[in-house]
Every structure is written in structure tokens, then in C-alpha cells.
Amino acid sequence: MTDAPYTPPKVWTWNKENGGRFASINRPTAGPTHEKALPVGKHPLQLYSLATPNGQKATIMLEELLAAGHRGAEYDAWLIKIGDGDQFSSGFVEVNPNSKIPALMDRSNPDKPIRVFESGSILLYLAEKFGAFIPTDTAGRAECLSWLFWQVGSGPYLGGGFGHFYAYAPTKIEYAIDRFAMEVKRQLDVLDRRLKDNDYIAGPDYTIADMAIWPWYGGLMKGALYGDSATFLDVASYKHVQRWAEQIGARPAVKRGRMVNRATGAPEEQLHERHDAGDFETRTQDKLAAAK
Ligand SMILES: N[C@@H](CCC(=O)N[C@@H](CS)C(=O)NCC(=O)O)C(=O)O
């Protein structure tokens, strides 16, 4: 890479040296890179994931379902190390041809397992399966789904756009950082105006729209994403988003959901795999290390 202005060639070719932070996993082709089956645990729901914001959406929902008494939501959560390329195994690609976490297999009917990929789709699938965290009236449901899909469409500007160029790109490009900082601030203002008059994103009730939006925009609020981005974007000025982020973050199921498949940070907050509700007490990384 040079500092000279870039003139795109007629046909793009893959230059492996240019990949920046994710060069080891990014590639211009899909499909498996190696043969390996996925593990299967004892519960009908099998989650293959990592505790990134997209991964947290699924584990927060599963923990919320269990907290609300839906015992059928018991699940096994398996760690997919995306930095090691686990998402390119043949088994993972069978569950998600897009090779990205989270991916869910519903084995309630072992003869006909159902695969679900895309975090927004996983939230909707579980909400419909258990009849929970989604309004039942037409207007409420439309509002909830509008915000769910708002997150699915808007999140990549925060992650792949702003986060990438602010924190990960090998050079700081003012044009790119400006463009995406402006968009993310606009999105925060959208949320702030909405949350000024509503307890939750979709209205009076806590729904899958909150579970989709919180890991990203709540994470940004508490400085958990992209270095010093909370200061850079002056997130403290979005008072209503701040209020909502704290309210959601205080929910016990959200705290548990954030721990599942977490492989970085404080050892007591890392539960690499989750197979049982008791794992939160006995199988976090600090407990496993102490037991050795
Ligand atoms: N639109 C997808 C995005 C999922 C996604 O980007 N997952 C990332 C981690 S947050 C991933 O698995 N990256 C691995 C890769 O790109 O190879 C969703 O919401 O599920």
C-alpha cells in the first residue's frame, strides 16, 4: 500500500497485503475452506456464535426467553472463533452459507432440523416460535419489525463503515471517517428522538427491536466499541439513548447474554460455551482457571 492517490484498475484483483486488521479472514469467495462437522449438544436449540454485538442479539433473546419461563428455549451455545476461521468449516457453512456468526440450528424435530442465519432473522424466528417479545397487534408488530429491520440496515454503517475506518483501517482516511461519523450521529439522533417519548424502541414494551439495537448502539453508549469512539461521537449528548441503554443493560438476562460465547475481556465475564443455566456460576473462565 502507498500514500499515492488510488486509481482503480479496470478489473479488481485480490491483494492479500491490503486487508488491514481482518486480512487473515477476509477473502473474495464464499464456501467452506475445510471439512469439519459442528458439535451438537443435548438441547433442541444449538447456537454457533461469538459475543460480538451480532452474536449478543441471539444470546440475549435466549436468556430473556428462559427468564420469562419458556423452558423450550434451553440451548447449547458453541464458540466460533472467527479469527481462527471457524466460520469457514463445512459444518458451519451448512448452517450459514454466508459464514458469519450467529447461526442457529433448531433440532426440535431431529428428522428435519431447521437452520436460521442472520441475527435479525434469528430474533424473529425465536419471537414467533415462542410467541414472545413481539407485539401481537398489527400496528405494534409493524412498528417492532420496522425497527428490527432498521437495525439490520443501519448497523453496517456503524460497524463496517464508522468502526472499520475509525478503529481498524490501516490508514486514517478523513473522508471515510467523516462520512460514517456523520451517518452514525444521524442514527443516534433518530434513536434519541424515538426514545424521548417511548420507554422502548417499539413503544411501551421491551421487544426484539431493543435486543437488536442495544448490543450495537448501547455498546457505543457505554464506550464498549471502537476505542475512544464514545468521546469522538459525543454520545453523552444523546440523553434518551443513554437512559434506554442503561435500562436495558441492567436486565439480568442481558447481562447473562453478553457473557455467552465471550472470549475476550474480564475472565469472570467470559462463558466460552453455555450448555446449562448453572454454567454462569461454575464455568466462566475465572472459575475454570481456579479449578485447574
Ligand atoms: N448481517 C449479519 C452480520 C453477521 C456478522 O457480520 N458477523 C461477523 C461477526 S459480528 C462475522 O461472523 N464475521 C466473520 C467473517 O466475516 O468472516 C447478521 O446480522 O447476522
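Tyr 226 is buried, as 21 other C-beta atoms lie within 10 Å. This residue sits in the loop between helix 6 and helix 7 (229–232), and its phi is near 55 degrees, a positive value in a residue other than glycine. The model described here is predicted. The domain assignment gives the protein a domain 1 (45–130) and a domain 2 (138–256). The points below cover the domains, the strands, the helices, the ligand shell and some backbone details.

**Domains and their contact**

- Taken over C-alpha atoms, the centres of domain 1 and domain 2 are separated by 22 Å.
- The contact draws twelve residues from domain 1 and 14 residues from domain 2.
- On the side of domain 1 that touches domain 2, helix 1 (53–67) and helix 3 (119–130) each supply at least two residues.
- Helix 1 gives the most to that side of domain 1, with eight residues.
- By type, the residues on the side of domain 1 that touches domain 2 are seven nonpolar, two polar and three charged.

**Strands**

- Strand 1 (residues 45–49) is mostly covered, with five of its five residues buried.
- In a regular strand the side chains alternate between the two faces of the sheet.
- In strand 1 both faces are covered: Leu 45, Leu 47 and Ser 49 are buried on one side, and Gln 46 and Tyr 48 are buried on the other.
- Strand 1 pairs with strand 2 (residues 75–79) in the parallel sense over five bridges, and Ser 49 stands opposite Leu 79 in strand 2.
- Strand 1 also pairs with strand 3, in the antiparallel sense over four bridges; here Tyr 48 stands opposite Ala 103 in strand 3.
- Strand 3 pairs in turn with strand 4, in the antiparallel sense over four bridges, and Asp 106 has Ile 114 in strand 4 as its bridge partner.

**Helix 3**

- Helix 3 has twelve residues, and the distance from its first C-alpha to its last is 17 Å, close to the 16 Å expected at 1.5 Å a residue.
- Its buried residues are Ser 119, Ile 122, Leu 123, Leu 124, Leu 126 and Ala 127.
- The cover over the buried residues of helix 3 includes helix 1, strand 3 (103–106), strand 4 (114–117), helix 4 and helix 6.
- Gly 131 follows helix 3 and has a positive phi, near 60 degrees.

**Helix 5**

- Helix 5 (residues 174–196) has 23 residues and reaches 32 Å from its first C-alpha to its last, close to the expected 33 Å at 1.5 Å a residue.
- An α-helix has 3.6 residues a turn, so residues three or four places apart point the same way.
- In helix 5 the buried residues are Phe 180, Val 184, Gln 187, Leu 188, Leu 191 and Leu 195.
- These buried residues pack against helix 4 (138–168), helix 6 (208–221) and helix 8 (239–249).

**Ile 213 in helix 6**

- Ile 213 belongs to helix 6.
- Ile 213 counts as buried because 28 other C-beta atoms lie within 10 Å, and the cut-off is 20 or more.
- Apart from neighbours within four places in sequence, Ile 213 is in contact with Trp 147, Gln 151 and Ile 201.

**Ligand shell**

- The residues that surround the ligand are Ile 25, Thr 52, Asn 54, Ile 82, Gln 87, Ser 99, Lys 100, Ile 101, Glu 118, Ser 119 and Gly 120.
- This shell divides into three nonpolar, six polar and two charged residues.
- Ser 119 of the shell is also one of the buried residues in helix 3.

**Backbone details**

- The peptide bond that joins Ile 101, a residue of the ligand shell, to Pro 102 is cis, with omega near 0 degrees.
- Pro 102 lies in the loop between helix 2 (90–95) and strand 3.
- Phe 133 is in the loop between helix 3 and helix 4, and its phi is near 60 degrees, a positive value in a residue other than glycine.
- Phe 133 counts as buried because it has 22 C-beta neighbours inside 10 Å.

Notes
Residues are numbered from 1 along each chain as its sequence is written. This is a predicted model: local features need pLDDT of at least 70, side-chain atom pairs count only at pLDDT 80 or more; totals for chains, interfaces and linings use all residues. A residue is near a molecule or strand if its C-beta atom, placed from the backbone, lies within 6 Å of it. Ala, Val, Leu, Ile, Met, Phe, Trp, Tyr, Cys and Pro count as nonpolar, Asp, Glu, Lys and Arg as charged, and the others, Gly among them, as polar. The expected span of a helix is 1.5 Å times one less than its number of residues. A residue is buried if 20 or more other C-beta atoms lie within 10 Å of its own, exposed if 12 or fewer, and partly exposed in between; C-beta atoms are placed from the backbone. Two residues are in contact if their C-beta atoms, placed from the backbone, lie within 7 Å. Domain bounds come from an automatic or database domain assignment. Two strands pair if DSSP finds at least two bridges between them.
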